[in-house]
Amino acid sequence: MYKTNKTKIKITYYILLVLIMIFIVRNTPVTEAMATMIVLSTLLVATNIENFVLLRKFIRQNAEDAKLRKDIIKKKSKITAILNNLPIMTFLQDSEGRYIRGNRKFAETFKCPEEEAPREAMAHLIKYHTEESIEEERRVLDTLSSVNYVRKLAILDNPPTWYRINRSPILNENGELFGMVTTMDDIEAEMDIAKQKETYIATLTHDLKVPTLAQIRSLELLLNGSLGELTPEQKEISQLTLDSCNYMLDMISTILSTYRYEDNGIELDHTEFDIVELTTEVCKEVDYFARDKHIVVIIKPHLGSGIIRADKMQIKRVIMNLLSNSIAYAKENSNVLIEIIQNSNGMTEYLIKNTSTYIPPAVMKDLFSKYVTHKSKYNKVGIGLGLYLSRQIIEKHGGSMIAQSNPKDENIFGFKLDNKIPAATLAKKH
């Protein structure tokens, strides 16, 4: 557009020169004053037109700048409104990790005004920068992925407080790193409640365990003849009572373990062990239960070494729950088959098959939920909780549960684990 206007100016200038030449060719008397006036007029016109073009360009540029400034102010106001309406501390940093701004909650906590200079605000934050937090910050900026963690911080003169912290990258429309946003949620009250719950559950289970263990030890003394010989009828009643007490003890442990898994209070202790040997051990512990229903438990391993890497105690709990339920649900005078399958990729499948009533899909999908059982007659306390706990344990190992039901009265329950055992361990086994 600007080039077109310059061209018009030049054309106007040339037209005026042509007019002067016409005057001269036609012998029209042109005085020196007239010629000077024509030339000056031409220059004046050209100059005014060019100035007008420049002025119009300047006005247009200013209008565009004003619109851009207005848009930026509007967007900044929106961001400020969003930040200040967040109920948790939030602050922004650029792609180099330098502080940009924080919200009202951040300003109140750090006693750092929103309009404070970035360098001064960053001085508040730097006091709480540990090697861990610097590493987390670097990970966000380098990998463009979020990090979440819980940490206790003592900010300014306040007592140490638990915070749930999230740090996430900010990307522009081209997917390029623009900066980072950090949120800090005060969860001190939440942690206090969790601690109270843990104390309550621990106290409750302790108070239930102590008398139950006392009953078990007393019954064991009676049954082994330490307090005198018992008649067959007395032995039978004492054994039934002992079985009930052991069941109660197991239920108490299940309740406590379920709570701890839900609260992420259990850390797995991974060791390498033979799952076939562990299964044999569990079968011996439930043998009395199987014999009472005239059920035969068969272990059938398929290939593999039998060695897996997991938390042995927790996997034993899962096997115990699944096998006890399979025996409880199985028809009398039937077999319970345990198949342990390992493939070359390190995958282990543990399947327990029994002959029992068909479970419809609508019921099956909720079977591993809390306190759910698939038949009203099996509404024994702890059955549903045991299946729920089994799922929690297997999922914490990175595995998955298996549950299948056949209309021909065959049910399969088990789990799948991915276990890659070092070759050196397998060599020692053989």
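## Exposed or buried?

A residue is called buried when its relative accessible area is under 20%, exposed when it is over 50%, and partly exposed in between (1.4 Å probe, protein chains only). With 38% relative accessibility, R309 is therefore partly exposed.

The model you are looking at is predicted, so local features need pLDDT of at least 70 and side-chain atom pairs count only at pLDDT 80 or more, while totals for chains, interfaces and linings use all residues. Residues are numbered from 1 along each chain as its sequence is written, and side-chain values use heavy atoms, leaving out hydrogens and water.

## Bridges between strands and helices

A salt bridge here is a side-chain nitrogen of Lys or Arg within 4 Å of a carboxyl oxygen of Asp or Glu. By this rule, there are 14 salt bridges. Helices (H or I, at least four residues) and strands (E, at least two) are DSSP runs, numbered from the N terminus.

Let's return to R309. Its side chain meets that of E272 in a salt bridge (3.7 Å, N to O). R309 belongs to strand β8 (residues 307–311) and E272 to strand β6 (residues 270–274), so this pair ties together parts that are 37 residues apart in sequence. E272 is partly exposed, because its relative accessibility is 33%.

Now look at E190 and R164, whose closest N and O atoms are 2.6 Å apart in a salt bridge. E190 sits in helix α6 and R164 in strand β4 (residues 161–171), so the bridge ties together parts 26 residues apart in sequence. Together with D185, these two residues are linked in a network of salt bridges.

R291 is exposed at 52% relative accessibility, whereas D287 is partly exposed at 35%.
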